[in-house]
Every structure is written in structure tokens, then in C-alpha cells.
Amino acid sequence: MQERLWRETSFGITAKLWQINWLFVILLCVLAAVGYGALYSVGGGSAEPYANRHALRFAFGLVLMLSVALIDIRVIARFSWPLYAVGVVLLLLVARYGHVGKGAQRWLEIAGLQLQPSELMKIFLVLALASWFHRASYERIRSILFLLPPTIAVALPVFLILKEPNLGTAIVTALLGGIMFFAAGVRIWKFVVIALALVAAAPIAYHHLHEYQRQRIMTFLHPETDPLGAGYNILQSKIALGSGGMWGKGFLHGTQAQLNFLPEKQTDFIFTTIAEEFGFVGGVSLIGLLVLVVFGTLVMALRCRHQYGRLVAIGIGTNFFLYGFVNLAMVMGAIPVGGVPLPLISHGGSAMLTAMFGFGVLLSVHVHRDVEFPSPHEPI
Amino acid sequence: MKRDTKRVSVFTRRALVLSGVQLATFGALAAKLYQLQVIDSDRYKLAAESNRISARLIAPPRGRIVDRFGIAIAANHMNWHALLIAEQTDDVAATLDNFSRLVPLAEHERARIEREVRRHRRFIPVTVREFLSWEEMARIEVNAPDLPGIVVDAGTTRLYPFGPTLAHVVGYVAPPNENDVADDPTLALPGMRVGRAGLEKAEDRSLRGRAGVVQLEVNAIGRVIRELERQDGVPGAEIGLTIDAGLQQAVVERLGDESASAVVLDAQNGEVLAMATSPSFDPSLFNSGVSQAQWIEWTKNRLTPLINKAVAGVYPPGSTFKMVVALSALEAGVLSPTDRIFCPGYLDLGNMRFHCWRKGGHGSLDLRGAIKNSCDVFFYETARRAGIDRIAAMAERFGLGVKLGIELPEQRRGLVPNRAWRIAHGYRWNMGDTVVHGIGQGFLQITPLQLATMVARIASGRAVQPHLVRTVNGVLQPGSSASDWPELALHPHWLEAVRAGMWAVVNEPGGTAPLARINFNGVELAGKTGSTQIRRVARELREHGNFNSARLPWEFRPHALFVAFAPFEAPRYALSVVVEHGNAGAEAAAPIARDIMLEVLRRNPAERQNAPQPRLAEESHA
């Protein structure tokens, strides 16, 4: 085991391109193509106004992803904390200057581009935590003192996102942080303690929720009580899904989406259109694609030979998983509606670019899976 | 390296656990999807069909406003309007193009429609055009296949049978703006109106009602096939006013072309029986939006037809204020009803000389005589003894310079100054100021409604508040009985002394308002004149001698005021009349007040419980 498996020096661009996980890239292209088809359908059988812009954004995202993939992972590692700081600054900016939409400040407009800093923050948080735990030996991770800084690193953005207010993203961010701790090897009993504490605190937290958040929870519990108000989305989505049946109504024949009963059909509820037109078979196939993506990140994580890369890969994969899970559960009416898009499929520029940036980092991990990192006991 | 191996194995184990959990989660989602799409599919297929049953909100009818005898003052009138439901058409622009070939749409109308379509959810109908004629409506219906998304609907517009007669009291409605809709989404429905002035504004919430829902069966492109179920909303409340519409009409006619206002109150309970302002305007014009030219005409008119002068016009009260001055001195113990003060025609205060309106003076007078003759010197001296702060406090108890209970949002507070107010503005209060305020001049700013309230309180001895709403949905509101109002804590003798003076003003030889005298089956009225100089001009001209304000240009003439109550023996009705630039209260305002009071006594609205005579009903629709 002592022989030097690490490659000492960086290698050339051509070599790097060879090392890119092209199978994974093709998988992403398939997802984007599914999105194109669905957007073509909700556009009323037309590439305008959604599908073509989606394709353009994906092309741009692809270039961004491949460019990031070629950056040496050690460089990215060195910039983990600075990027984290940038994320926090963006969150502070959104609190100060952000666009107010539906009662919450979430968007920041930079050079004509709408940016949702909380999305970017999740990727930066993964990088920062990976960088921290990279230094953690199996023994060292027992120390509560050692766990204190990363805990704060999770709590700070969660608090800022909560203030926007965006409860859903705050919970997802906290969950993502927790999973990073888990993957890093933090002892199981600590999670048990935290989980018990959260269960105890839930009633108090409910008390501090905003009116619209409570209403969402109530609507989720009883969507039928308010069929024209807040329950409208869930109910219409469930009707669209259910009427799709096993085989679906056929491409471009989903009456619910086509007849505009379904709101936000091109963004958060895109899955509904797919599952209405292609039925349970289509819906499960799409879920299968999502599973493949998550599986791909797992393979890349296991093949990586440094802890930083492993943690980054598992973090990015988990982030993608959480997106997919929250979105699907939401449109099926299994959790309260929370404005989360389906990555690579929903119409929306900011989410697409954020996702592609994350996959870029993931591919960089894969390309540089064998590079030598400094020893765990030194800072990166 | 051994430690690192341990770390790798922990990571591998946990990554696999994590992936397992994630896989299981996706599996659960697939199971949920299976349940939705395969097991429960039939149920949702049915629901998808019933999505063709579209629910539509229906606008509640706006509540009527009626007078105290049930005569409609604001009602709803049927009309036809065209709506656009965006979700039922593939191409809003094409539909509108086709529509404007049948019924021409102006550029700004089209812009408004497109803006509203963007703003609302696509199943909310947007008004394309209101007040369609029968031919237009028929043309649209015949061409319905070319107009997907267009629906012709019967709606209502606000109708004001009395028009200008009650415009200032009732106010008017107008289409809601974006802020209104943000507050109450019901207002996004076509045909909804928001009160913009008067009672329509003050009682908007209760007049508006709540929207109902109608379930409609629509075909695949959304055209309505039939109505399945209707859940009526709550119609707006019917508001019954204290106003006697017939009396109101008589009062308006009596005011004629003057720039004037008159208020008639039930002195015992504060009910406003009539509140007239002239000139007036037609409130129906606001229904569909007022033209620019009309608006300019109204706002440029120096007779201010849009302003409800009865509650928003402020004037110095002049001599009508003298009763309050007297009462403040009586309460302070610095004057008794029998005290006599000598009037030589002027009062010297330091190096200032304050003149009585009668050059030679009135000689020795008691309170009754002073009110009868409206002697200025008597009240200069009375004010000097009482001091401004006592006068101001007493004025407030009589409703002057304070917000009253009246429902109208336009009401102004006016101004009754005191020492603190003057100091707060950076000046000193001088004795000369007090003296001037003793005859109702100076900084005093009072509305005609406040004057009427003052007289009602003098007449009844109760702190009544003027109010307009008598019933809501037929239920009598509190305040309609005299016992609802507390008594003024004033000695009855003092009020009697003041009332006796007001009686003498009208009914005794030598009183200042002989023109106001009536004898209606033995009933007499008591009153008080007031003429308020436009001070600057008055002072300049007085020095030239031979001063006659009637020769001044209109806008420099004094305002003419008269306040009265009747019957003198058992006061029931109180009124105030203000004629802007009417010159002298005794000449311009007193005869109007007399005629109005005669009409009031003839109709006796406070006592009459039965429905109005048919003659009145006919009048109301004239």
C-alpha cells in the first residue's frame, strides 16, 4: 500500500479531456434533452418560448462545466473558503438589495443575470466542508472542538437563507451540511442527539413561521379546502399526474398542462407535464435517470483517492438528489410546495448554470482523482 | 497511512449507506407515483374531466344606499359588458383584433386589457368593454366562434337616482386601481367598483360584500356549456341613511345657484336629515371614468362643485360663535345671565380700539339683549373675562374645531386656537387676539356641520354627534335615540339664557334677523346671524368710511351665516346655512334658513315613521 499511486505533477489538457467521465456528460445531455421535449410540449408544441432558450442555456452550461472540469482540483480546494466567503457576501447582498418576489428576497441581479445566491451557496458550502474535513483524521473528527467551525459554517448560510425568508432552501441546506458531516465520519450518536433536539424544537419553530409558510403547510395537509387558492397548484398537479395513467396521454396531448389548468408548468411543475404525457412509465424512467446521475456521483466519489474529492463528489451528488427529491415530492403532493426546480429539466437560467457549475467541480474531482494532496495533517 | 485507510473505509461504508437511502427515497417516490398514476388513476381521470368544469368567481352586488324612508339613493343598474378569459384563447391579440372589428377599441383600452391579462391569473376574466349597447352585444354573440375567450356578461353599474342632489353625501364609485386589488383580490372581478368619496368610500367594506363561486361546464376549448352549481356570495349590505331625500331635494332647490351649504340635524340624536352643498356634480359620471375636460371644468370652477362644503368648507363663524363665548364665561363664573355691560360703540384695550358693528353703541345690555343685538362690545368684554383657553375648551365641547362622528372621509377639523397653539407656532397670545375671537373672528375655522352640531347641542343640551348611517341591512344602529347621547354638563339656566337670546334675535322687534321669523302652527324658531369679514379688505375699507361690503367684488364679500333651531319651546331640529360671500347673514342666509326650517317642520321627518307619500317617490326619479 505504500507505493506511490499519486501522480506528482499536473498533466496536460488533452490528457485531462481523456479523463473526463464522458458517460456522465452524456447522461446529463439526455436529461437536458428530456427537458427540451417537455418544454416543447408546454410551449404548446413549439420550441418557443421555452425549449430553445433551454437548449441555449444548456449549451452554455456545458461549456462552463467542461471549463471547470479542467481546473486542477487542488486549485479549487485552495479556493474553497474564499468561495464560501463570496457566497455569504452574496447572501448578505440579497438581504440588502435583492429583488422582492412573492414576499421574499431571493434574487440578485448581476449584469442582467438573475442569480439566486442560496443555490450557489450550497455548492460553496460543500467545497468548504470538504476542505475542512479533508484535514480530519479518523481520530481528530471525534473532537467536538474540531467540529465547531464547520457547524458554524453551516449555520451561518442557513440563518441567512431563513431570513430571506426561504424555509425550504434553508432546510435543504442544513440537510446537505448534515450529510457532509455524516460522510466525513462524524460519530453516529451525535446525529441522534441533534435529531432528538430538532424534534423537541419543532413546535417552537412552527410558532415562528411566517403566515404564508404556515398556510403552505396547512394547504399541504388539506389541499381540497382551498381549491382556487394556495391548494390549487397541488391539486391540479395531482390531477394531471393521475390522469396520465400507466402509459400517458401521448406527447403534446396532456390536456391539463395544455389547457393551462397547471400553473408554473414550465418551471417547478415540469415533471407533471412529463408524467401526464408519458404516464407512469415515463415518470419512472425519468426517476431512473435521476438515480443514474446520483449513482454516477457515487462511483466518482469511490474512485477518488483523496478525501477532499470524495467529499465534494458525495456532496454534489447529494445536492442533486435533494433537488430531485424535493421537486418530485412537491409535485406529487408529498411535501409542502416550495418553489424548487428540477435541475436540467425545468426552465430557468440561474438554476441551470448553478447545477452545471456543480457538475463541473464534480468532473474536476474525477479528472484529478489520482492527484497527490498534501497530507491530512497539513492545511491544503 | 493506516489511519487514512480507516477513514477511507468509513467513508466508503457511509457513502454506500447514503446512496442506499437515496435509492430507497427515489423508490418511495416511484411508489407514490405508481399510486397516483396507476392505482388512483381512475379517480384523477375523472377529476381531469371535471377540470372542464371550471369554477368562476361572481362579483357580489354592491349594497344599496337608501334614505330614512327607504327611497333608493344609490342602486345598481343592469348593463352588458364583454369579458376576456385569457386561458380560453390561444392568442389574446388575435381575439382582440377580431373584437375591435366588431366593437372598436381605442389604443389605451387595448393597452389596459393586455396589461390586466398579464397581471391576473389566466382564468380570471378581464373586462374588455363595459356599457355595451344591445346591437353591440348581439354582434359579439353572433360572431362568438371568431372570439374565443370573449364572454358577454350582464353586470351592474352604479345608479344615483338623485344625481347632484346627494352627490356630496353619497360620494361616488370608480373602477379599482392596482393597490385596491392587492388589498382585496375580489376587486379583480369585472364590474367591481370601489368607493372613492362620501359614504361610498366610508362604507366601502360593508357595501362591497363577498364574492360567490359558480361552477360552469366548459368544453375542451373552454367555452361555457352550462352552469352546474352556483354558490352565491354575500351581497353588500344595504345602508339606510338618516337623510330625508325629499327634504334634501327641497334644501338643494332653496340653495339655488349660490355657492352655499346647509345642514339640517335632528337636535335630539344627531341624525343628519339633510346636508346640501351647491353647486354640485353628477356622481354617475365617475362610474366609467371622468373625461379630462370635465375634470378640469370641475377643478377650475371657483365655486368648487366637487368639495362637500358642509363638512370640508371652513369659515370663521363670526357672530354665531357668541353663544359659545357666553357659555364659557357663564361656566367660569365671570358673567351671570343678568350681568349688564355698557356698550359705548367701542372697547379700548391698551392703545387699540375695537369697534362695535353699530357706530353709536348699544348702551347697557344683559346677555339676552347682547345676543339679540349681536353686540360686539359685550362679547369683547365677555371674551376678555373668560380668556381664550376657556373659550376654546367650551368650543370643543360644542363640536367646533374637532373631528365629528360623521362618516364622511372628507370632513375637515377646522381650527379653534388657544394659547398653546399660538405659542407652538412661535407667537405670543395677546389680549387683543382674545377679544377678536370673542366675536368669532381671528383664527377660527369652522365647518357648517360643526355649526349645526353646535346649535343642536345648545338646543338639546346633549352632546349629540352628527351621523348619516341609520340602519345596516335594516338593523337600527346605535345613536338613533336621544338617550344614546350624554347630557352636556352645563347648568340648564345658562343654556336657557342663550336660547332666549336666540329667540329674541328672530322674534323680538329690534333683533338682527327679523327675516327669519316663522309661525308654523304656533311653532317659532330661534337663531343667530353671522357675517364674517375677509379681514384684510375690511380693515382697509372701513377707514375710508361709508363702507358698504355689498359693493365689493364677489370674492371679497363677507360670508353669510345663519344657525337656527326649532321649535323654540321643544327643540327638535337644528340647522346651519352658510352662503359663501353672501355679504350679511341676516339678509343672505336667514331667509334661506327660514324656508328650510319651514320645509323641515312641514315634513317633520324625525317624527314621521310611515313610508313617504307617492309624490315623493315620483320626485326621486325625476
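Ground rules. The model is predicted, so I take local features only at pLDDT of at least 70 and side-chain atom pairs only at pLDDT 80 or more, while totals for chains, interfaces and linings use all residues. Residues are numbered from 1 along each chain as its sequence is written, chains are lettered from A in the order in which they are written, and side-chain values use heavy atoms, without hydrogens and water.

I looked up nonpolar cores, meaning sets of buried Ala, Val, Leu, Ile, Met, Phe, Trp, Tyr and Cys residues joined through side-chain atoms within 4.5 Å; buried is under 20% relative accessible area with a 1.4 Å probe, protein chains only. The largest has 133 residues, and B:Phe398 is among those with the most contacts inside it, as are B:Met275, B:Met502 and B:Met597. Helix H22 of chain B (residues 585-603) gives this core its largest share, 9 residues. Helices here are DSSP runs of H or I, at least four residues, and strands are runs of E, at least two, numbered from the N terminus. This core lies between domain 1 (54-241) and domain 2 (245-279 + 307-619) of chain B, because both give residues to it; the bounds come from an automatic or database domain assignment. Another core, of 118 residues, lies apart and includes A:Phe124 and B:Leu29.

Among the buried residues of H8(A) I note A:Thr169, A:Leu176 and A:Phe182. After H8(A) comes A:Gly185, with a positive phi near 105 degrees.

Technical notes. Buried < 20%, exposed > 50% of the residue type's maximum accessible area, 1.4 Å probe, protein only.
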